[in-house]
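Subject: Structure handover

Hello,

The structure we discussed is below, with notes on what turned up in it. Please read the notes with the structure open beside them.

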Amino acid sequence: SMAEGAGGGPRLAELLAEGRRLWEEVETGTEPSSGAPAVQDKVRQGLDALQQAAAMVAQLDLFSENEELEEIASADLKYLLLPALLGALTLKQVDLSRRLEHLESARAHFWRFLKLCRSYRLGSFHLPPAAASPPAEEDAGSPSPGGPAAAQPSLVAMASSRQAKIERYKQKKELDNRLASVRTFVESGQADEDQIREFYILQIQKWINTSLEEIESIDQEMVILRSRGTAKQPSAPPHGTSRQVRAPLKPFILTRDAAQAKVFGAGYPGLPTMTVDDWYEQRRRQGVVSGQSVPQRTPGITDEELQKQQQEKKEEEDDEEALQKARNWDDWKDTHPRGYGNRQNVG
């Protein structure tokens, strides 16, 4: 093979194997916490081995953007996986103060891997953007950063991404099955050149799926971390445990219905009053009540604007109610003569 013929020798193969073994031990590890020193030692050693291997691959110029897959020796195919493994191990680091840096670095590794796979036409997929798009900077003048379109993915896009996820899941199952059957051949030493080649290509395709998924979740986590950064919150959850940030509750008086709200409102002008329904509605909007995890609100609307809208809506409803009462009273007067029901001063 080129790699072994070009002076990389068994050393390169050993570095890849060691990095890969350490990644697998961390991934399938029995340690209760990924932050355990023993686990983090493996992460560091694995990254070290894979980085050395990657430097050698770059030096040997093993892969180039403009050659065909057929031109790569079967034994060299496995080195295509280096950036993907580097990305996966980079994510296993637990230093929270450097989380954003680790996410950016892992994303760059996964992206390089995908770009290489694209140039060799391994798998058909959309290459994600090279870098996670930073959140739109808020101009002092613009009320809605990023515009409504940015904040609200279209239903069509959501449906098609769901469809894509289902497709990806099916392909993944199929890939795993094929991989398992070829692996037994390769590991028993009975595989011919074609089977060995297929084995590596299947592994690469499996990592394409993983890389696409990881980039998606990295981008989501980065949005959360960056928004926390602007809120000056130092601590961040480890990969995959992002908790939703909730708006703190303002003090208010909880009343049973609108009529009671009117009464209390007069007595306590300082505190806004709210009926139970209003309160549920507000908490639902904030994504707290009824298992709804995403705050439902028009993008770019501030709390003040939201309260104003609620107030207008309430006034409309109150007007409606007052009008209805007046109408009922008119109807009642039409059908009941004046003094009806007054039995006190008969005569």
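**Pocket lining**

The residues that line the second largest pocket divide into 13 nonpolar, nine polar and 15 charged. Please keep in mind throughout that this is a predicted model. The second largest pocket has a volume of about 760 Å³, and its lining is made up of 37 residues. Trp-23, Val-26, Glu-27, Ala-88 and Lys-92 are the lining residues that lie nearest the centre of this pocket. Helices H2 (9-27), H3 (37-60), H6 (99-119), H8 (155-187) and H9 (193-230) are the elements that each give two or more residues to the lining. Of these, H9 gives the most, with seven residues.

**Salt bridges**

The count of salt bridges comes to 17.

Arg-99 forms a salt bridge with Glu-221, with 2.9 Å between the closest N and O atoms. Because Arg-99 lies in helix H6 and Glu-221 in helix H9, this pair ties together parts that are 122 residues apart in sequence. Both Arg-99 and Glu-221 are buried.

The side chains of Asp-176 and Lys-206 also meet in a salt bridge, at 2.7 Å from N to O. Asp-176 is in helix H8 and Lys-206 in helix H9, so the pair links distant parts of the chain, 30 residues apart. Asp-176 is partly exposed, at 32% relative accessible area. Lys-206 is partly exposed as well, at 31%.

A further salt bridge joins the side chains of Arg-121 and Glu-68, at 3.5 Å from N to O. Arg-121 sits in the loop between H6 and H7, and Glu-68 in the loop between H3 and helix H4 (74-77), so this pair ties together parts that are 53 residues apart in sequence. Arg-121 has a relative accessible area of 63% and is therefore exposed. Glu-68, at 38%, is partly exposed.

Finally, Arg-21, Glu-25 and Lys-42 are linked in a network of salt bridges.

**Two single residues**

Is Asn-209 buried or exposed? Its relative accessibility is 7%, under the 20% cut-off, so Asn-209 counts as buried. Asn-209 is found in helix H9. Leaving aside neighbours within four places in sequence, Asn-209 is in contact with Arg-168, Gln-171, Lys-172 and Leu-175.

Leu-127 has its place in the loop between H6 and helix H7 (147-151). With a relative accessible area of 29%, Leu-127 falls between the 20% and 50% limits and is therefore partly exposed. Which residues does Leu-127 contact, leaving aside its neighbours within four places in sequence? They are Trp-111, Leu-114, Lys-115 and Arg-118. Leu-127 and Leu-212 are 85 residues apart in sequence, while their C-alpha atoms are 8.5 Å apart in space.

**Where to look**

When you open the model, helix H9 is one place to begin. H9 gives the most residues to the lining of the second largest pocket, and Asn-209 is found in this helix. Glu-221, the partner of Arg-99, lies in H9, and so does Lys-206, the partner of Asp-176.

Regards

How values were computed:
Residues are numbered from 1 along each chain as its sequence is written. This is a predicted model: local features need pLDDT of at least 70, side-chain atom pairs count only at pLDDT 80 or more; totals for chains, interfaces and linings use all residues. Side-chain values use heavy atoms; hydrogens and water are left out. On a 1 Å grid over the protein atoms alone, a cavity is a set of points where a 1.4 Å probe fits but cannot get out, and a pocket is an open set with protein on both sides within 12 Å along at least five of seven lines; lining residues have an atom within 4 Å of a point. Grid points are joined across faces, edges and corners, and a volume is the space filled by probe spheres set on the points. Helices (H or I, at least four residues) and strands (E, at least two) are DSSP runs, numbered from the N terminus. Ala, Val, Leu, Ile, Met, Phe, Trp, Tyr, Cys and Pro count as nonpolar, Asp, Glu, Lys and Arg as charged, and the others, Gly among them, as polar. Buried means under 20% relative accessible area, exposed over 50%, partly exposed in between (1.4 Å probe, protein chains only). Contact means heavy atoms within 4.5 Å. A salt bridge is a side-chain nitrogen of Lys or Arg within 4 Å of a carboxyl oxygen of Asp or Glu.
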